[in-house]
Amino acid sequence: MATASELPDWLLVEILSFVPVRDRLRSSRVCKRWRRLVLDKTLWKRLDMSPYRVGPKVLWQLLRQYLGSGLRTLKVRGRLLSGPRAPLLSPALLQELGKRCPHVACLSLLEEDLRKIPFSCLPRSLRCLELQSCELPQAWFPQGNAPSSLPHLEHLVLDRVPAFSDVQLRALPRQGALCSLVLRVTYRVTHQGLRDALPGLSNLRLLELCGCSVSADGALQAMGSFLPRLRELRLTVTGLTAKGLAILVEMQTLEILGLLGPPPTPDELSAKDILTFCLMLPNLRVLSLQGMGLGSADEAILREGLVHCIITVGELPLGGLS
């Protein structure tokens, strides 16, 4: 049996790609050869630091010694929900990230305080930005008519970001490349905010509004005919009625529809109502129903009527969207 020292470099690099980041860094201390292998760009294409509670010093060290032009995805967890509460990121660190990693495309931030981080400090190459349980200033996304500092941003996820409001939402049309928007538990967004912003987001192909304060009927009314390219829609059904669901008929390009509970009453919306309006969507291929409280008879009605669709029925994810 061959020892580690006898294995070729390419095989050792492949093995190291399955090693957790912390152990990978420790392995660089074994010898000069292992340090050279740990510096291989392919090992630092996707970096997930979310399992670790680290400080700014560690991120600076990673950036200066290991990260470079090969980095495409970075995921980090801040210290907003655990002490010390000092921000993990700084404008200087993010600007250095943009310089050293000019091809980084996806940045995912969890539990980070961004109130002192200007939006313009984010790497210009970003195509995907995910914020989960983060704090934002009241006006973080740029306002006015100046060009966006993130001209390639296509996907934006805001999950449990309490400061995100109508003011922030109305600024999103400036992100001209935006085609995917996910809003989860953004309770400051109102019906009027959606009505003001959605006409400027006509390039959206994916929209998710889950756990928000806007009723489903209100959200659908705000969408109206403003999203002609929409392919995928996920929506919490609170306040959804047959009248609101009828608005879906205007979305003829819709291919994937997801409806999430809590379940409506039969007077508000029935399985037959869902079937009626889904049959009017010629391109619909996937119907997902979670936490809708459908019985076996209701499920049978949908499966028999939508033979061209993949239908999934299940419970809400653990913890729901509260």
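## Basis

This is a predicted model, in which local features need pLDDT of at least 70 and side-chain atom pairs count only at pLDDT 80 or more, while totals for chains, interfaces and linings use all residues. Residues are numbered from 1 along each chain as its sequence is written, and side-chain values use heavy atoms, with hydrogens and water left out.

## Cavity

The structure holds 1 cavity of 30 Å³ or more (on a 1 Å grid over the protein atoms alone, a set of points where a 1.4 Å probe fits but cannot get out, with lining residues having an atom within 4 Å of a point). The largest cavity has a volume of about 100 Å³, volume being the space filled by probe spheres set on the points, which are joined across faces, edges and corners. Of its 13 lining residues, L59, L67, L74, L93 and L97 are the closest to the centre, and two or more residues each come from α4, β2 (73–77), α5 (91–100) and β3 (106–110) (DSSP runs numbered from the N terminus, helices being H or I of at least four residues and strands E of at least two).

By class, this lining has 13 nonpolar, no polar and no charged residues (Ala, Val, Leu, Ile, Met, Phe, Trp, Tyr, Cys and Pro count as nonpolar, Asp, Glu, Lys and Arg as charged, and the others, Gly among them, as polar).

## Pocket

The largest pocket (an open set with protein on both sides within 12 Å along at least five of seven lines) has a volume of about 300 Å³. Its lining of 15 residues, of which R22, L25, R29, V58 and Q61 lie nearest the centre, draws at least two residues each from α2 (21–27) and α4 (56–65), and divides into 8 nonpolar, 3 polar and 4 charged.

## Helix contacts

The axes of α4 and α5 lie 11 Å apart at an angle of about 15° (lines fitted to C-alpha atoms over the stretch in contact, with angles from 0 to 180 degrees between N-to-C directions), and the two helices are therefore roughly parallel, a term for angles under 35 degrees. The crossing is left-handed (the near helix turned anticlockwise from the far one by less than a right angle; clockwise is right-handed). In this contact (heavy atoms within 4.5 Å), P56, L59, W60, L63 and R64 of α4 meet A92, L93, E96, L97 and R100 of α5.

Helices α10 (271–278) and α11 (296–305) come within 9 Å and cross at roughly 15°, and this crossing is right-handed.

Notes
Angles under 35 degrees count as roughly parallel, over 145 as roughly antiparallel, 65 to 115 as roughly perpendicular and the rest as oblique.
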